Amino acid sequence: MIRCLAIDDEPLALQQLVAYISKVPFLGLAAQCQSALEARAFLEHDTVDAIFCDINMPDLNGMEFVKSLAVPPLIVFTTAYSEYAIEGFKVNAVDYLLKPFSLQEFQRAANRLKERLVARPIEPYTSTPFEEEGLEDVLFLKSDRRIIKVNTSDIRYIEGMSEYIKVWVDNQPKPIITLLSMTKVEEKLPKYFVRIHRSYIINLNKIQEVNKNGVIVDAKTYLPIGDMYKESFQTRLGERLLGN
Amino acid sequence: MVLQLPYQPIPVAADVGNTRLAKLERENLEQQLEYLRYQISPHFFMNTLNNIHALVDIDSEKAKETIVELSKMMRYVLYDGNKRCVRLFSELEFIRHYVALMQLRYTDKVKITLDLPKETPNRQIPPLILITFIENAFKHGISYQRDSSIIIRVTIENDKLLFTCWNTKSNKPNKEKGGVGLSNVVKRMDLLFEYNYKLNIHDDSDFYNVELEIPLI
């Protein structure tokens, strides 16, 4: 299920958008908001995989709102203004629906969302050449023309940032930034690493606490669990989970 | 004085010239007026069509009503919008439709008051002057962070139409290059009424108020 947020200041337009979301089986509505400010408040304590967002709204326009998000989910703009299209693609919107739009057009946008979000199935752990040579606990990361050795057991979590990843290592205030995809790094990590979100892979050994929607790593770090990853994460936890 | 006699044919020639000049001036005026002609915002159409599209599923009766309303509005803009003068009644009907369609788009958080004369005298005015101010009130007056209201009032006094349009202001810093609509309508009124009208705009930090007095024809 792709968790969606619907934003439109016009009640009828919002109602229509919500109705469309309910018609696509793999979309789930997390919340509907009548303004970007309302949406911003919602995202302070919750996460979504995708946002359907109107652009021209009072108080705060949809484009500014999306630009203001630190880790924006996938965005589909819905608007009557065709002149925003180019700007829309600059903020890396998945799709751009011109009002009024048909269910078919909406479905196309939904399919694009799905393609972008496709959860990789959890593959059975297979040994890598490194493991055979006793190097499975080490990664070499290219960063800023240097090659940095990292003990994988020291990695707390990895954060995706478009085509880059940030590798957060114990006792280091700054992450190591490397040009690499989340998928690629995931392949090289030992099995105590789990993908919990489109933008996060976590080291299970570094988790302090898990709650319904996220994982506490330390007092300052709370990572959300994406809906697409909830089940696989629960399964991994289940292996070591005690108590009723 | 005598010296002027040989020049007597000149006034005749000047007369001909004047007619030609007058004609040119008139054409120029027509051209300018055409250039300044009000054009309804395409966004208004698209958003209204989107609302109707949603209404078809939600409330098909209301959808039909709204289509009729939009058609009447469009007919007026398309067929009467380029006339020099229209019946006052038609212009007020147009405003009524426009406001009804805008009301459909916004929640109760936006309070719209439209106060038009109960009886409309059989007079004429140039079309689509008042709408620019009403459109601006919707464009800049709506905020969901606090109550928004728009009050539109038209009264008739002897040979004059008095129009006021008051709106609360949104906090949004206005980045859009506004004012084209306003400056065009001012130029239009300068040409049409030959400066014989009154326009007062009060731009306060919390509200915006327009008072306009134009002659009826």
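The dialogue below takes these features in turn.

Mentor: This is a predicted model: local features need pLDDT of at least 70, side-chain atom pairs count only at pLDDT 80 or more, and totals for chains, interfaces and linings use all residues. Residues are numbered from 1 along each chain as its sequence is written, while chains are lettered from A and ligands numbered from 1 in the order in which they are written.

Trainee: In what order do the 5 strands of the open sheet in chain A lie?

Mentor: Strands of a sheet pair through backbone hydrogen bonds, either parallel or antiparallel. Here strands are DSSP runs of E, at least two residues, and helices are runs of H or I, at least four, numbered from the N terminus. Two strands pair if DSSP finds at least two bridges between them. In chain A the order is 2-1-3-4-5, with parallel pairing. Strand 2 (27-33) and strand 5 (95-98) of chain A have a single partner strand each, so one side of each lacks a neighbour in the sheet. Neighbouring strands are turned by 20° against each other on average, direction ignored. Angles run from 0 to 180 degrees between N-to-C directions; axes are lines fitted to C-alpha atoms, for helices over the stretch in contact.

Trainee: How many bridges join strand 1 and strand 2 of chain A?

Mentor: Strand 1 (residues 2-7) of chain A pairs with strand 2 of chain A over 6 bridges, in the parallel sense. One to look up: Arg3(A) has Gly28(A) as its bridge partner.

Trainee: Which strands of chain A form a hairpin with Asp144(A) in the turn?

Mentor: Strand 6 and strand 7 of chain A, with 2 residues between them. Asp144(A) has a positive phi of about 55°. Strand 6 (residues 138-143) and strand 7 of chain A pair antiparallel over 6 bridges. Val138(A) is the bridge partner of Asn151(A). The count of buried residues in strand 7 (residues 146-151) of chain A is 0 among 6. Buried takes 20 or more other C-beta atoms within 10 Å of the residue's own, exposed takes 12 or fewer, and partly exposed lies in between, with C-beta atoms placed from the backbone.

Trainee: Are the residues of strand 12 of chain A buried or exposed?

Mentor: Buried: Tyr200(A) and Ile202(A) point one way, Ile201(A) and Asn203(A) the other. Strand 12 of chain A pairs antiparallel with strand 8 (residues 155-161) over 3 bridges and with strand 11 (residues 193-197) over 4. Ile201(A) stands opposite Ile158(A) and is the bridge partner of Arg195(A).

Trainee: At what angle do helix 3 and helix 4 of chain B cross?

Mentor: Two packed helices are described by the angle between their axes and the distance between the axes. For helix 3 (residues 60-80) and helix 4 (residues 88-105) of chain B, the axes cross at roughly 135° and come within 9 Å.

Trainee: How far apart are the axes of helix 4 and helix 5 of chain B?

Mentor: They are 11 Å apart, and helix 4 packs on helix 5 (residues 130-141) of chain B at about 10°. That makes the two helices of chain B roughly parallel.

Note on methods
Parallel < 35°, antiparallel > 145°, perpendicular 65-115°, else oblique.
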